Amino acid sequence: MVESRSKIFVIAGPSGVGKGTLVTELTKRSDAIWVSISATTRAPRPGEIDGVSYFFVSDEEFDRLVDSGQMLEWAIVHGSARYGTPRGPVEEAVASGKIAILEIDLAGARQVRQSAPEATQIFIAPPSSEELERRLRGRGTETPEQIERRLQTARVELEAEGEFDVVVVNDSVNRATDELLQIIGISR
Ligand SMILES: Nc1ncnc2c1ncn2[C@@H]1O[C@H](COP(=O)(O)OP(=O)(O)OP(=O)(O)O)[C@@H](O)[C@H]1O
Ligand SMILES: Nc1nc2c(ncn2[C@@H]2O[C@H](COP(=O)(O)O)[C@@H](O)[C@H]2O)c(=O)[nH]1
């Protein structure tokens, strides 16, 4: 079991593997955990709230954030929208003693590996490719075309799991959350 003294934890893995589900569960289990809110140029899904799910910004605003050095990392994800991690809030969270979680894609994880090598990089893997597809389709938030695109990206991402410090299989939400808490170093 890998256990870390890092203050920043990157959580990456294919779309639909359950990253968001696990991160939500982590926040329920510990007040020490702070989750970065990304900025994105994609449109909100029904029920998503600006400033809670994401900061939903225009292309122009995203350009401004990148050009002024306010993004810790950013990437075009699934060939469509841009997503990025605002730098300031991460620095403030760490300075205040919180554990900062960044739920980001593979390209973003690679950038953080360069700019914040002290961060622990965690890859969330599915129990099987079939289960990944079942979860992605079952979530029902993407069109069939978008799902195909995400499954294509997933194949590339699954080949990159060896780049990560640790791989956690999301077979069960409870078990995977327990493993994540142990890696993060939060005892219950
Ligand atoms: N261990 C699990 N077993 C069964 N279903 C799960 C499990 N974890 C998550 N799910 C379900 O899988 C679907 C995808 O989960 P989630 O939205 O958290 O994925 P994600 O990795 O954050 O996706 P994206 O990167 O597209 O935002 C959801 O319907 C969620 O309820
Ligand atoms: N590089 C970054 N990737 C990010 C960031 N925030 C989210 N993401 C990744 O985008 C996909 C798609 O998310 P969705 O909400 O449209 O389903 C997901 O896999 C995230 O990991 C970010 O700030 N930087």
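Analyst: A residue is called exposed when its relative accessible area is over 50%, and buried when that value is under 20%. Please keep in mind that this is a predicted model.

User: Which exposed residues does the face of α5 turned away from its buried side carry?

Analyst: Helix α5 spans residues 129-139, and its buried residues are E131, L132 and L136. These three lie on the same side of α5, because they cover an arc of only 135 degrees around the axis. The face turned away from that buried side carries the exposed residues E130, R134 and G138.

User: Against which element do the buried residues of α5 pack?

Analyst: The residues concerned are E131, L132 and L136, which are buried in α5. Their packing partner is another helix, residues 144-159, namely α6.

User: Which residue just after α5 takes a positive phi, and of about how many degrees?

Analyst: Helix α5 covers residues 129-139. Just after α5, the residue with a positive phi is G140, at about 70 degrees.

User: What kind of aromatic pair do F62 and W74 form?

Analyst: A search of the whole structure finds 4 aromatic pairs. For F62 and W74, the ring centres are 5.9 Å apart and the angle between the planes is 75 degrees. Planes over 60 degrees apart count as edge-to-face, so the pair of F62 and W74, at 75 degrees, is edge-to-face.

User: How many residues apart are F62 and W74, and which parts of the chain does the pair link?

Analyst: The pair links distant parts of the chain, with F62 in helix α2 (residues 59-67) and W74 in strand β5 (residues 71-77). F62 counts as buried because its relative accessibility is 0%, whereas W74, at 30%, counts as partly exposed.

User: Why does the pair of F123 and F164 count as tilted?

Analyst: The ring centres of F123 and F164 are 5.2 Å apart. Planes under 30 degrees apart count as stacked and those over 60 as edge-to-face, while the rest are tilted. The planes of F123 and F164 stand at 55 degrees, so this pair is tilted.

User: Are F123 and F164 buried or exposed?

Analyst: F123 lies in strand β8 (residues 120-125) and F164 in the loop between α6 and β9 (166-169), so the pair ties together parts that are 41 residues apart in sequence. F123 has a relative accessibility of 1% and therefore counts as buried. F164, with a relative accessible area of 7%, is buried.

User: Which residue lies over the face of F164?

Analyst: The charge over this ring is 5.2 Å from the ring centre, and the residue that lies over the face of F164 is R113.

Definitions and conventions
Residues are numbered from 1 along each chain as its sequence is written. Chains are lettered from A and ligands numbered from 1 in the order in which they are written. This is a predicted model: local features need pLDDT of at least 70, side-chain atom pairs count only at pLDDT 80 or more; totals for chains, interfaces and linings use all residues. Side-chain values use heavy atoms; hydrogens and water are left out. Buried means under 20% relative accessible area, exposed over 50%, partly exposed in between (1.4 Å probe, protein chains only). Helices (H or I, at least four residues) and strands (E, at least two) are DSSP runs, numbered from the N terminus. The arc is that of the directions from the helix axis to the C-beta atoms. Contact means heavy atoms within 4.5 Å. Rings of Phe, Tyr and Trp (its six-membered ring) pair if their centres lie within 6.5 Å; planes under 30 degrees apart count as stacked, over 60 as edge-to-face and the rest as tilted. A charge sits over a ring if NZ of Lys or CZ of Arg is within 6 Å of the ring centre and within 35 degrees of the ring normal.
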